[in-house]
Amino acid sequence: MIRYGWLGLIFIATLILPLVIGEYWIHVAVEILILGLFAVSFNMIFGYMGQLSFGHAAYFGAGAYATGLLMVKTSVPLPICLAVSMITAGGLALVIGYFCVRLTGIYFAILTMAFGQMLYYIIFQWYSFTGGDDGLQGIVPPDWIIQVTAYYYFTLFIVTGALIVMWVISESPFGYTMRAIRDNADRTRFIGINVRKYMLINFVVAGMFAGLAGGLLGPFNRSIAPDLCNWHQSGVPVFMTVIGGPLGFLGPVIGSVIYTFLFAFVTGFTEYWPLTIGLVIIFVVLYMPGGVLGLVKTKFKTIGAKESMDAEA
Amino acid sequence: MAILKVEHLNKAFGGLQATNDVNYEMQTGELSGIIGPNGAGKSTFFNLLTGYYKVDSGRISFQGKDITNWSPHRISRLGIARAFQVSNIYPALTAYENIRQAILAQQKRTLNFFTPAHRLAKKETQELLEVTGLSQHADKIAGTLSQGDKKCLELAIALGSKPELLFLDEPTAGMSGEETHETMNLVKRLNQEMDLTILFTEHDMSVVFGYAKRLTVLHQGSIIAEGTPEEVRKNETAQKVYLGEEA
Amino acid sequence: MDASLIFAQSLSGLSRGMMLFLIASGLSLIFGVMNILNFAHATFWLIGAYCCYTFWFLMQDYNFALWISIPLAALTLAALGWVIEVVLIRRVYNRDLPEQLLLTYAMVLVLGDLIKIVWGVDDKLIARPPLVADPVFIFGMPFDSYFLFVISVGLAVAIGLWWFLKKTRYGHIIRAAVFSREMVSALGIPIPRIYSGVFALGIFIAGLAGAVQAPVGSITLGMDMAVVIQAFCVVVIGGFGSLLGTFVAAIIVGEVYAFSILFWPQGALVLIFVVTAFILIIRPWGLFGTPTRA
C-alpha cells in the first residue's frame, strides 16, 4: 500500500510537471516517457522472460515508420496510426520471433540483432517507400496536440495506460509463466506448457508496445530515420533497463529518466557521449548489478529475488 | 488396460547403451519401484518416458495411446507428471508461487493476461502445501529451502499438475532417515488415497521395502530382475549386482 | 560476365575473406575458450590500423616504414589486450551472459571515443611503399599486389594458428580448456593466465589485421561498426571456437560480398544476414562448431 502511495505522488508530480519546468525540459520529459515505454517493453523479454534481445529497435522503428508513413501520406488520425503501429510491430515480431524463440542465450541475442540489422538495411535501401537514408520528414501532429505541453499530456496518458496494461499482464498467470520460463524452462515444459509458444506470444506483445513507443516518436520529432532500427538504438533500452534495474517493473523507467537526463546534460557540453555512457555502463555492470532498484530493493517488490538466491549460493 | 506400456525401448549415447530393449508395464493404481545402482539407466528411462529424450527405437503407450517421442508438454497434459532427482524447482520464486504455477498450468489458465495471479488457485495451492508439509515455508524463496524441503516442493509441483501417473526420480535422495520415511509414507498415501499410479526410482534398497508392491531391477540399461520385493531380494542376479555395489 | 571478371571478383572476395578471417579468428578463439563474446573486437582492429598509421607516420621517410609498423602495431594491441583482460574482462567471467555482453558493448563506445580523442576525426592515409606500388600480373591481368600480401598474411595466420593449437603444448592446453576448464584447472594449470594469454592473442591478431588493412583505403572513424557485424556473422556461420569453420565462413562471406556487389550492391549485407539467420535457425552451432558448446 505504501508503494501505491509513492506511485500516486509520482503521478501527480508528472501531471504538474509542465507547469514548473521550461519548454526544453518538457521535450526531455516526453522523450523520457517514450523511451521509458520502449525500455519497459524490452524488459518483458529481458527481466521477465530472461532473454537478451539485441534487436528490439526493429519494432520501435517499424512502429515509427508505420505512423510516420501514414501521417505523411494519408490523413488517418493519429490514434488510429498508433494502433496500426502496434499491429505492424506485432506482426513483425511474430515473424521474427517465430525463428528467434527456437534459440536462447547468446544465439537468441545474435539472431535478434541480425534481424534488427536486416530491417535497418531494408528500410535504408527502400528509398522510394521509406525515403531511405534521408528519413521521413514532415510528420506533424494534429492541431490539438501540436504544442509540446499538449503532446506531453497526450504521451503521458498513452504511456501510463500502456504501462498499466503491461503491469497487469506481468502480474497475471501469463506473467508468472514468463518468470517460470525464465527461471527453469525445462520444468515449465514438464508442467504442460509449450514454452516456445508462450515465448513467442510474449515477444509479440513486447514488440507491440515497442511499436507504440515508436509511433509516438515520429510526430514528436517531426521526422524519423532508419537509425531507429539499428543495433545502437537496440542498445538504448538495454542500457536503461540495466541502469534502472531489470528486476522491478518500473526499473526501465527509472533508467530512462537517468539516461535521458544524462544524455541531455552531457551532449550540452561535449561530443563524447559514447565515452560517457560506456563508462556508466561499465560502472553499473561491475558495481551495481541490480541497477538502481538493486540498491533500494528492500523498498520495492521485485519480480524474482535473484539477490536472495545469490546470497544462498 | 495397462496405464503404461513400454515395449522394446532402446537408447544409446555414443557407444553407451543406456536403455537396452526394456519392456515394462504398469497397471492403474500400482505403486512400483525401479531400482539399480548409479548409472543403471533409471533417469534415462524417465527421460524417455517423459519426452525429454528421443527414443532410438521402441514404443511407449499411456492408457493405450502411443506417446513415443511426444514433446514433454504434451505428455504432461495427458496426466503424467514427474519429480526430478535433482530438485528442478523455480529457485527465485516462493514455494507458494512454485506450486501455484503448476496448478495454473494444469487449470489451463496460463494464457490469462488480465487477472492478478495472486487471486487464483489459492485453495488448491494451500492444500498442496499442507499435503507436502510446506505450509510454514510458503513465502520463502524456493532457492533458500533445505534440500529435503526442496524435494518436497519438487513433489508438490508434480502433484500440482493433477497427474494420473506420477514418476518420482529418487524422491528421498539427500534426506535424513526420518525424512525418508515421512516422504515414502506420503507417497504411499498418495497412491492409496488419491488413486495415483506411482513409479519411483531408488538406488537404496532398504528404502523401497515396505512401500513398493513390485520392484524392477535395472542394470546397465537392461532389466535383470522383476517381482515382489521379497522375490527380488532372493534373486541371485540382483544380489550380485548389489553385493558388488555394497562391497 | 566473363572469366576475367569472375576471377577478379574472386580474388577481391578472397582478400576480403582473409581480412574477415583475421578479425573473426580472434573473436572465435576468445569465445571458444572464455565464453566471452567480444563486441569490441573490431574496435581493437581499428585501433590496430590507427597504431600502424602512427608508427608509419613516424618512420615514413623510410621504405621499410610500413613493414615495421605492422608488427609493432600488432604487439601494441597484444599489450593493450592483456591489460584490458586483467582490468575489465576478468571481472565478468562469473557473471551472466547479458552482463558480459554489456561490458564488451560498452567497451566499443569507450574505445571508439578514445580513438577520436587520440587521433582526431580526419581520415588517415598511408602511402604505398614502393614494394607494393605496382600491380602484379596474373594471367595477363593486373592485380593489386597489396591484395596478395593481405591474402598471404591471412594464410600465414591461419596456418600459424593451426600449428599453434594442434602442435604446441600451449595450444593443447587451450583446446583442452575449451572442453573443460575445470579439468585444466585441476591439472594445476592457472586458468587466469591462460585466459589473459588467449585474449591477448586474439587481440594481437585483430591488431595485425587492422595494421595490414590500414594501407588499403583510408582509415576512418566508424569502420569498426561495419566490420564487427560481419565478423559476428562469420563466427556464427563457421561455428564458435572452430578455426577451420572461421576460415571457411570468412571465405564464403567474402565471396558472397564480392559477387553480390556485381548484381545487387545494396543487398550484399542483407544477403549475409540472411545466411547468418538461416544458419542460426537450422544449425546454431555453425558449420563446424560442436553442438554442446552453447
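# Reading strands, domains and interfaces

User: How many of the six residues of S9(B) are buried?

Analyst: Burial is read by counting neighbours: a residue is buried if 20 or more other C-beta atoms lie within 10 Å of its own, exposed if 12 or fewer, and partly exposed in between, with C-beta atoms placed from the backbone. In S9(B), five of the six residues are buried, and the strand is mostly covered. The name follows DSSP runs, numbered from the N terminus: helices are H or I runs of at least four residues, and strands are E runs of at least two. This is a predicted model, in which local features need pLDDT of at least 70 and side-chain atom pairs count only at pLDDT 80 or more, while totals for chains, interfaces and linings use all residues. Residues are numbered from 1 along each chain as its sequence is written, and chains are lettered from A and ligands numbered from 1 in the order in which they are written.

User: In what order do the strands of the open sheet in chain B stand?

Analyst: Strands of a sheet pair through backbone hydrogen bonds, either parallel or antiparallel. Two strands are taken as paired if DSSP finds at least two bridges between them. The open sheet of chain B has six strands in the order S6-S7-S8-S3-S9-S10, with mixed pairing. S6 (80-83) and S10 (222-227) of chain B are at the edges with a single partner strand each, so one side of each has no neighbour in the sheet. On average, neighbouring strands are turned by 20 degrees against each other, direction ignored.

User: Which helices pack on this sheet?

Analyst: Such packing is read from contacts and axes. Two residues are in contact if their C-beta atoms, placed from the backbone, lie within 7 Å. Axes are lines fitted to C-alpha atoms, for helices over the stretch in contact, and angles run from 0 to 180 degrees between N-to-C directions. Helix H5 (residues 147-160) of chain B touches S6 and S7 (165-169) of chain B, and its direction makes about 170 degrees with that of S6(B). Helix H6 (residues 177-193) of chain B touches S3 (31-35), S7 and S8 (197-202) of chain B; its direction makes about 155 degrees with that of S8(B).

User: In which sense does S9(B) pair with S10(B)?

Analyst: S9 (residues 214-219) of chain B pairs with S10(B) in the antiparallel sense, over five bridges. Within this pair, B:Glu226 is the bridge partner of B:Thr216, and B:His219 stands opposite B:Ser222. Two residues lie between the strands of this hairpin, where B:Gln220 takes a positive phi near 50 degrees. S3(B) and S9(B), by contrast, run parallel and are joined by four bridges; there B:Gly33 stands opposite B:Leu215.

User: Which domains does the assignment give for chain B?

Analyst: Domain bounds come from an automatic or database domain assignment. For chain B it gives domain 1 (1-79 + 164-247) and domain 2 (89-162). Their C-alpha centres lie 25 Å apart, and six residues of domain 1 are in contact with six residues of domain 2.

User: Why does the radius of gyration of chain A agree with a compact globule?

Analyst: The radius of gyration is taken over C-alpha atoms, and the globule rule is 2.2 Å times the number of residues to the power 0.38. For 313 residues a compact globule would have a value near 20 Å, and chain A agrees because its value is 19 Å. Its C-alpha trace spans about 55 × 45 × 35 Å along the principal axes. Chain A has 15 helices and zero strands, and buried residues make up 59% of its 313 residues.

User: Which elements of chain A give two or more residues to the side that touches chain B, and which to the side that touches chain C?

Analyst: The contact between chains A and B takes 27 residues from chain A and 34 from chain B. On chain A, the elements giving two or more residues are H7 (148-170), H8 (173-183), H9 (185-190) and H15 (306-312), with H8(A) giving the most, eight residues. Ala, Val, Leu, Ile, Met, Phe, Trp, Tyr, Cys and Pro count as nonpolar, Asp, Glu, Lys and Arg as charged, and the others, Gly among them, as polar. By these classes, the side of chain A that touches chain B has eleven nonpolar, eight polar and eight charged residues.
The contact of chain A with chain C takes 31 residues from chain A and 28 residues from chain C. Here the elements of chain A are H5 (105-125), H11 (231-244) and H13 (273-287), and H5(A) has the largest share, 13 residues. This side has 25 nonpolar, five polar and one charged residues.
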